[in-house]
Amino acid sequence: MAHAMSDDQVAGELKKMTAFIRQEALEKAKEIQIKADEEFAIEKSKLVRQETSSIDSQYEKKFKQAGMSQQITRSTLANKTRIKVLSARQELLDDLFDKARSKLGDHTKDKGKYQNLCKNLILEGLYALNEDKVVVRARKQDYDVVKKAMEGAKDEYKMSMDGREVQVELDEKNPQPEGCSGGVSVVGGGGRIDINNTLDERLKFLETDALPMVRTSLFGKNENRRFHD
């Protein structure tokens, strides 16, 4: 038969039970704290990675935007500079041709040189047309010079074409218009083909067909130019 415990024994057992429960509670609390700390560390690390990734993404986006902005700015400045250079060059070319145009009349002052020039212009027309009969048109004030030039052109043509003769007539009914600086037109094909060798037309030729050569002579070859006139 079990003996009843004394009050001291009961107190001792309660004390042991209390100590055990307290120890269990402390260990449980410690486990909970450790787990909470681990979960906090994991969550903290996750948040840090997310924020770092977000910051990196924003920085990369801003960096790309800044780079693109710089490229646009450089391109804009380069285009503006290029336009200014091209504009300055065009002004120089326009001024050059304007001065040349104003001096075209000077080529007619020396009658000997002008007669030789007209002869060569007529001769060029004869070779281009390759016909037996052509008509020459000139300024009224140049008729005397042009008539002599026509004879010289006929003789030179005959010599260079193995004796082949050509009939060259001066069309006094249709002189070159007022304002013409000089030179001649050589007409063939029954009036349908007009080789315009006036000084004004030759200068226009330089302004268009020969412009690339003139541009290169003045400014040098453009290494960045992909297409040429």
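This is a predicted model: local features need pLDDT of at least 70, side-chain atom pairs count only at pLDDT 80 or more; totals for chains, interfaces and linings use all residues.
Tyr59 and Phe63 form a stacked pair, with a centre-to-centre distance of 6.2 Å and an angle of 25 degrees between the planes. Both residues belong to helix H1, where they are 4 residues apart, about one turn of the helix, and both are exposed. In the pair of Tyr127 and Tyr157, the ring centres are 5.5 Å apart and the planes stand at 40 degrees, so this pair is tilted. Because Tyr127 lies in helix H2 and Tyr157 in helix H3, the pair ties together parts that are 30 residues apart in sequence. Tyr127 is partly exposed, with a relative accessibility of 39%, whereas Tyr157 is buried at 1%.

The largest nonpolar core comprises 28 residues, and Ile122, Leu126, Val136, Val146 and Val184 have the most contacts inside it. Two or more residues of this core come from each of helices H1 (7-102), H2 (111-129), H3 (143-160) and H4 (199-208), and from each of strands E1 (133-137), E2 (167-170) and E3 (183-188). Beyond its neighbours within four places in sequence, Ile122 is in contact with Val136, Val146, Ala149, Met150, Ala153, Val184 and Val186.

The second largest pocket holds about 150 Å³ of space. Its lining consists of 4 nonpolar, 3 polar and 5 charged residues; among them are Arg101, Leu104, Cys180, Asn196 and Lys204. Strand E4 (193-198) and H4 each supply at least two lining residues, and H4 gives the most, with 5 residues.

Definitions and conventions. Residues are numbered from 1 along each chain as its sequence is written. Side-chain values use heavy atoms; hydrogens and water are left out. A nonpolar core is a set of buried Ala, Val, Leu, Ile, Met, Phe, Trp, Tyr and Cys residues joined through side-chain atoms within 4.5 Å. Buried means under 20% relative accessible area, exposed over 50%, partly exposed in between (1.4 Å probe, protein chains only). Contact means heavy atoms within 4.5 Å. On a 1 Å grid over the protein atoms alone, a cavity is a set of points where a 1.4 Å probe fits but cannot get out, and a pocket is an open set with protein on both sides within 12 Å along at least five of seven lines; lining residues have an atom within 4 Å of a point. Grid points are joined across faces, edges and corners, and a volume is the space filled by probe spheres set on the points. Ala, Val, Leu, Ile, Met, Phe, Trp, Tyr, Cys and Pro count as nonpolar, Asp, Glu, Lys and Arg as charged, and the others, Gly among them, as polar. Rings of Phe, Tyr and Trp (its six-membered ring) pair if their centres lie within 6.5 Å; planes under 30 degrees apart count as stacked, over 60 as edge-to-face and the rest as tilted.
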